[in-house]
Amino acid sequence: MFKSLLRRLTAPHFLYFYCVLSLAIPNVALCFTEHMPLLACVANVVLPVAVYAWLMALSRDTGKQVWRVFLLIFFAAFQIVLLYLYGRGVIAVDMFLNLVTTNPGEAMELLGNLIPAVGTVIIVYVPLLVLASVSWARHRKEQDETFLKRTRRKALWGGVAGVALIVASYVAYPKDGDFDYRAEDHVYPANIFYNLYLACRESYRTAHYKDNVAQFRFGARSTHPSDTTEVYVLVIGETARADNFQLYGYQRHTNPLLSKTEGLCVFLHVLSQSNTTHKSVPMLLSAASAEDHGRLYREKSLVSAFREAGFHTSFVSNQQPNHSFIDFFGEEADDFVFIRDNADNKAKPTDDVAALTSDERLLPYLEHILAKHRRKELIVLHTYGSHFNYRDRYAQANAVFLPDTPTEAEAKNRPQLLNAYDNTIVQTDRLLHSIIQMLSRQGVQAAMLYTSDHGENIFDDSRERFLHASPVPSCHGIHVPFLVWTSRQYRTANADVMKALQANKGKDVQSNASVFPTMLSLAGIKAQPVADVMHLSLANPSYKCGTRHYLNDHNRSVTLHQAGLDAIDFDCLKAWGIK
């Protein structure tokens, strides 16, 4: 009986239809998730299914042919996991880039918590590959040549019909209309291959960054007295959304220490221009922004600007190197260290960091740097923050909100996931307070700026989105905290700066556009090549945000409406007082 069943399941006819139908699952699913007009939906099904049918009919050895289209099967499985996570969107450029910039530990940690999505992929696609392997090994081939010829002919006619539907879609939905139809965006898997091309192009440009900026100079100079001792610390958060900060009106006490800290300026209406780390952090560290992203490839970072202005610079990261702009900018510093990779040039803490919890490992390095008592100091700290799995970002002894398990990515676990996430914010509160205490003890002019690269989705509404880096952002994925602390000595010596910071804290802010100029302004650094962005400094009395922009998956600057935010997102932003 088993042999009979196996023979039927490995029959070329069965494998043919099994493969075509399984490949078509994402096409059908995207018609429901992408809010495309009917004509575009039909085009997204007819042409690709015709191509699948034609490809599978090219060979009598159906089992071997299944493996020949393995890339399509892989993309289909990847797409299903993506839709489970974000509810919509195709495999994006950013996701291809994340494959080479995310360490394997993070990836396995995430997959281990996506049981339903991974289970679906296993149930649908693994049997297909196993049965195809058996059929191939047993040399089972399609005997009905007429079937193959007839199928190829029908597939070609289907392809013609699909092309006609795409042309009709371009006519029906022009670029200046409400729905901007583009085949490279709205036909799966053509959009996947287009995004893969863009990812390769981006990787090439990134790989040649150092050559492009080898001769670049800011010509930066400090306007502060040369005998002034000053320390500036930029803390880059990870996956911290302002929604869950007590400082931003959250009902839970997630900032018990910062809420009582003197000298803290809280900027209330801040959005990130990207919901991905590898895009957001380079913009935070440079003069690039969504509106002028191209300068990222031809200019250096604020680390170099401070260094030119006479500052000793340090870059300490609690994330692993990933051969991206974050690494390149870190390497511009006099001293740099990537704690998780144990790769550094000089910076060594005096304490054993292994026993410390997550971002607390940064503190011995900071203490070691401050102990040098240099006249001019810039320190950049890149945290691991609130990155999933939240439960691993703090010691259990420090957990405030319980229960914080289970952590599997399922909507039913939202209460526990939220508890764990809020515990990470408490951990961040503790970290920032410790940094402020260290700086206060120096008794010098000091300032700390903290913001996060992006926010996070935690099954917040009916869309049941989770995590970040979705091709279509949400309000929770881009709403970030932005804090500036200054020492008593700094406030006394820089009254004009303090007045501007206070005047601007209620205004709209695009974090990626404002961190670079604000850091330069705090330190009194002037640099002609970036004079055009200094009006975006929050220490500038003439600061004005302008129209908000978002850097989409194809590195195009778009408005929030064009980025795909839903009505529920705009209602949420309005409730937070964000225009």
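## Arginine 221 and its contacts

Leaving aside its neighbours within four places in sequence, which residues is arginine 221 in contact with? In this predicted model, arginine 221 touches Ala309, Gly524, Ile525 and Lys526 once those neighbours are set aside. The residue is found in strand β1, which covers residues 221-222.

How exposed is arginine 221? Its relative accessibility is 49%, and it counts as partly exposed. For a sense of distance across the model, take isoleucine 435: this residue is 214 residues from arginine 221 in sequence, and the two C-alpha atoms are 27 Å apart in space.

Now to strand β12, which spans residues 482-486 and is mostly covered, with five of its five residues buried. If you look at the strand side by side, Phe482, Val484 and Thr486 are buried on one face, and Leu483 and Trp485 are buried on the other.

Which strands are joined to β12 by bridges? One of them is β3 (residues 264-266), which runs antiparallel to β12 and is joined to it by three bridges. Another is β9 (residues 445-452), also antiparallel to β12, with five bridges between the two.

## Helix α16 and what covers it

Helix α16 runs over residues 362-370 and is mostly covered, with seven of its nine residues buried. The buried ones are Leu362, Leu363, Pro364, Tyr365, Leu366, Ile369 and Leu370.

What covers these buried residues of α16? The cover includes the strands β2, β5 (312-317), β6 (335-338) and β8, together with helix α17.

## Cavities

How many cavities of 30 Å³ or more does the structure hold? There are three. The largest cavity has about 70 Å³ of space. Its lining is made up of 13 residues, and those closest to the centre are Asp94, Asn275, Ser470, Tyr550 and Asp553. By type, the lining of the largest cavity divides into five nonpolar, five polar and three charged residues.

## Cysteines without disulfides

A disulfide is a covalent bond between the sulfur atoms of two cysteines. How many disulfides does the structure hold? The count is zero. Cysteine 31 is in no disulfide, and the nearest cysteine sulfur, that of cysteine 41, is 4.0 Å away. A pair would have to come within 2.5 Å to count as a disulfide. Cysteine 31 itself counts as buried, at 18% relative accessibility.

## Backbone points to check

Most residues other than glycine have a negative phi, and most peptide bonds are trans. A few places in this model are worth a look with that in mind. Histidine 139 has a positive phi of about 55° although it is not a glycine. This histidine sits in the loop between α8 (115-137) and α9 (145-172). Threonine 239, likewise not a glycine, has a positive phi of about 60°, and its place is in the loop between β2 (230-237) and β3. Are these two residues buried or exposed? Histidine 139 is exposed, with a relative accessible area of 62%, whereas threonine 239 is buried, with a value of 0%.

Which peptide bonds are cis? One runs from phenylalanine 388 to asparagine 389, with omega near 10°. Another runs from threonine 405 to proline 406, with omega near 5°. Asparagine 389 lies in the loop between β8 (376-382) and α17 (414-442), and proline 406 is also found in the loop between β8 and α17.

Notes:
Residues numbered from 1 in each chain as written. Predicted model: local features only at pLDDT ≥ 70, side-chain atom pairs only at ≥ 80, totals over all residues. Heavy atoms only, no water. Buried < 20%, exposed > 50% of the residue type's maximum accessible area, 1.4 Å probe, protein only. Helix = DSSP H or I, 4+ residues; strand = E, 2+ residues; numbered from the N terminus. Pairing = 2+ DSSP bridges. 1 Å grid on protein atoms, 1.4 Å probe; cavity = no way out; pocket = protein on both sides within 12 Å on 5 of 7 lines; lining within 4 Å. Points joined across faces, edges and corners; volume = space filled by probe spheres on them. Nonpolar A, V, L, I, M, F, W, Y, C, P; charged D, E, K, R; others polar. Contact = heavy atoms within 4.5 Å.
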